[in-house]
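Please study the sequence and the structure shown below. The paragraphs that follow lead through the surroundings of the ligand.

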Amino acid sequence: MGKIIAISNQKGGVGKTTTSVNLSAALGELNKKVLLIDLDPQASTTTSLGINRSLLYSTVTDVLLNHIEIEDSIIHLSDINVDVIPATIELAHLEIKLDIDDREYALSHKIQRIAHLYDFIVIDCPPSLGLLTLNALYASNSVLIPVQCQYLAIDGLTQLLNTIRIVQKQLKVNNKRLEIEGVLLTMLDKRTKAGWEIVHEIKDYFKEGVFDTIITSNVAAQVAPTYGLPVTTFAPRSPASKLYKSLAKEVVANNERR
Ligand SMILES: Nc1ncnc2c1ncn2[C@@H]1O[C@H](COP(=O)(O)OP(=O)(O)O)[C@@H](O)[C@H]1O
Ligand SMILES: [Mg+2]
């Protein structure tokens with residue numbers, strides 16, 4: 001069974017999408033079978049990979065509303081060895097359309113069918129702790145939490161950790177576990193004292209729960225999505241590319257240890 005990892009933090013702009021896309025691509029380069037699910041109505045993962053929304057035949061919304069089989073929503077991006085289930089803004093209206101008795105488990109039920117086909121399934125979450133994020137958490141084996149190395153980084157993390165705890169309790173009833181894959185420090189400006197202070201603050205708080213890899217602020221990471229490419233393909237020798245490859249190795253090692 002593939003390991004399912006939700007990339008979550010209810011704060012926007014902390015690097016969830018950048019991490020989802022580049023971690024997936026880096027895992028793909030390691031010859032892992034990877035499925036990346038865009039679960040954010042802003043659909044940044046979908047556009048970052050150059051998938052033209054207007055040409056989309058089906059999306060994650062159609063899967064969750066039982067309009068199509070999950071297998072039929074998968075786009076194979078053979079050049080980067082990653083499969084994607086795309087999203088569009090329609091996903092924003094899902095909440096009012098989902099069946100009451102399946103609300104939080106809709107994604108989990110769908111993923112079960114295909115998890116055996118992959119080594120890793122990565123889910124890019126929206127910047128909220130609403131129904132979509134709950135669906136991602138209930139479907140996942142672990143959560144990777146990107147934290148931007150900026151002032152007030154810790155703000156809001158308590159709420160995320162509380163939500164994770166609630167989901168963990170619920171899952172325990174079904175003999176399932178949700179672990180914290182790790183906290184990923186992102187967009188560190190190595191030249192500033194303030195950035196390093198956040199690194200120390202987060203490491204004090206989460207101890208060994210923080211990935212050794214720290215993603216530094218890097219122009220290539222920012223520009224790659226405008227070319228519809230992961231940074232590992234757009235600028236393979238850039239710092240961001242190397243760092244996301246190092247993160248992928250940590251994630252693989254974590255998985256093998258368990
Ligand atoms: N390592 C990085 N260096 C520079 N810019 C980055 C880096 N990671 C992300 N960004 C930029 O920061 C912004 C927010 O990142 P994004 O991944 O979209 O966050 P989120 O999905 O949490 O909202 C984007 O414009 C993205 O290009
Ligand atoms: Mg995003």
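A polar contact is a pair of N or O atoms within 3.5 Å; within protein, one must be able to donate a hydrogen and the other to accept it, and residues adjacent in sequence count only if both atoms are side-chain atoms. This is a predicted model, in which local features need pLDDT of at least 70, side-chain atom pairs count only at pLDDT 80 or more, and totals for chains, interfaces and linings use all residues. Residues are numbered from 1 along each chain as its sequence is written, chains are lettered from A and ligands numbered from 1 in the order in which they are written, and side-chain values use heavy atoms, with hydrogens and water left out.

A polar backbone atom of Val 14 is 3.0 Å from an oxygen atom of ligand 1. A nitrogen atom of ligand 1 lies 2.9 Å from a backbone N or O atom of Thr 216, and a polar backbone atom of Asn 218 is 2.8 Å from a nitrogen atom of the ligand. Taken alone, ligand 1 exposes 560 Å², of which the protein buries 78% (accessible areas by the Shrake-Rupley method with a 1.4 Å probe).

Ligand 1 is surrounded by 14 residues (each with a heavy atom within 4 Å of it); the closest are Gly 13, Lys 16, Thr 17, Thr 18 and Asn 218. By class, this shell has four nonpolar, nine polar and one charged residues (Gly counts as polar, and Asp, Glu, Lys and Arg as charged). Helix 1 (16–29) and helix 9 (219–223) each supply at least two residues of the shell (helices are DSSP runs of H or I, at least four residues, numbered from the N terminus). Helix 1 gives the largest share, three residues.
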